[in-house]
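Please look over the sequence and the 3D structure below. The report that follows covers contacts, confidence, the sheet and the salt bridges.

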Amino acid sequence: REARAPHRTISTVTQRDDPLAHVVAVADGFVDVAFPKVADAWAASLGASVWPSSLAATCLVQRAAGAFAGRRVLELGSGLGLGGVSCCGAGASRVLMTDFDADLAAALEKTCEAYAGMSAATIDWADNATYADETFDVVLGTDVAYEDAVVPALLDVVDAHLADDGARARRGKGGGDGPSERTGSR
């Protein structure tokens, strides 16, 4: 059997002759996630692509659907909103998808029309005046920090939005493999 990168066995993105882009995941029986194609968004920025990390996060959310059921979720750097749609499909009671790119945030609004309990906003991590006026049980982001310089602002936005009883999980360079206790104060 041929060895493949994990994202190659997780999902595929298909463009059909309808107004939706489809992500078909084969892991754990999760079959199809569709989100509106918005022509302007496809050329807008890095966030206008479905990245392997988003596909992997989608499958992770579906595997751990019980952890998202009934929870309020904030997705940072949503791009096209695949993570937020996955959380909604896993039973989240509220999902706020955010992106710094205003064109992508506008595209996310169209995605929200198809799902109850979802909304979208533009958040600038370095400007707390743009932060949401609520806290969340889960703060989710995949491939959101490409430069070390943005990490302090990323941590600030997470701390500002994570509910006092929320759990933080990190994965990646220097991060843990699972939930960790909330550290420090706001």
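Of the contacts between residues at least 6 apart in sequence, 49% join residues at least 24 apart. The chain has 186 residues, and 39% of them are buried. It holds seven helices and nine strands.

**Confidence**

This is a predicted model. Its mean pLDDT is 74. A pLDDT of 70 or more is reached by 63% of the residues. Among the elements, strand 4 (residues 72-75) has the highest mean pLDDT, at 96. Helix 1 (residues 6-10) has the lowest, at 38.

Two stretches call for a separate word. Over residues 40-44, pLDDT stays under 50. The model has 14 contacts beyond four places in sequence for residues 40-44. Over residues 172-186, pLDDT again stays under 50. For residues 172-186, the model has 24 such contacts.

In what order do the four strands of the open sheet run? The order is 6-5-4-7, and the pairing is parallel. Strand 6 (118-122) and strand 7 (138-140) are the edge strands, and each pairs on one side only. On average, neighbouring strands of this sheet are turned by 20° against each other, direction ignored. As a rule, strands of a sheet pair through backbone hydrogen bonds, in either the parallel or the antiparallel sense.

Now take strand 5 (residues 94-99) and its partner. Strand 5 pairs with strand 6 in the parallel sense, over five bridges. Valine 95 stands opposite methionine 118 in strand 6. Helix 6 (residues 102-112) packs on the sheet and touches both strand 5 and strand 6. The direction of helix 6 makes about 170° with that of strand 6. Aspartate 99 has threonine 122 in strand 6 as its bridge partner. Together, strand 5, helix 6 and strand 6 make a β-α-β unit. The unit is right-handed.

**Salt bridges**

How many salt bridges does the structure hold? There are two. The table lists them.

| Aspartate 137 | Arginine 72 | 2.7 Å |

Start with the salt bridge between aspartate 137 and arginine 72. This pair links distant parts of the chain, 65 residues apart. Aspartate 137 lies in the loop between strand 6 and strand 7, and arginine 72 lies in strand 4. Is aspartate 137 buried or exposed? Aspartate 137 counts as buried because its relative accessibility is 12%, and buried means under 20%. Arginine 72 has a relative accessible area of 29%, so it is partly exposed.

Glutamate 134 is partly exposed, with a relative accessible area of 28%. Arginine 94 has a relative accessibility of 22% and therefore counts as partly exposed.

Notes: Residues numbered from 1 in each chain as written. Predicted model: local features only at pLDDT ≥ 70, side-chain atom pairs only at ≥ 80, totals over all residues. Heavy atoms only, no water. pLDDT = per-residue confidence, 0-100. Helix = DSSP H or I, 4+ residues; strand = E, 2+ residues; numbered from the N terminus. Contact = heavy atoms within 4.5 Å. Pairing = 2+ DSSP bridges. Axes fitted to C-alpha atoms, helices over the stretch in contact; angles between N-to-C directions. Right-handed = clockwise from strand over helix to strand, strands pointing away. Salt bridge = Lys/Arg side-chain N within 4 Å of Asp/Glu carboxyl O. Buried < 20%, exposed > 50% of the residue type's maximum accessible area, 1.4 Å probe, protein only.
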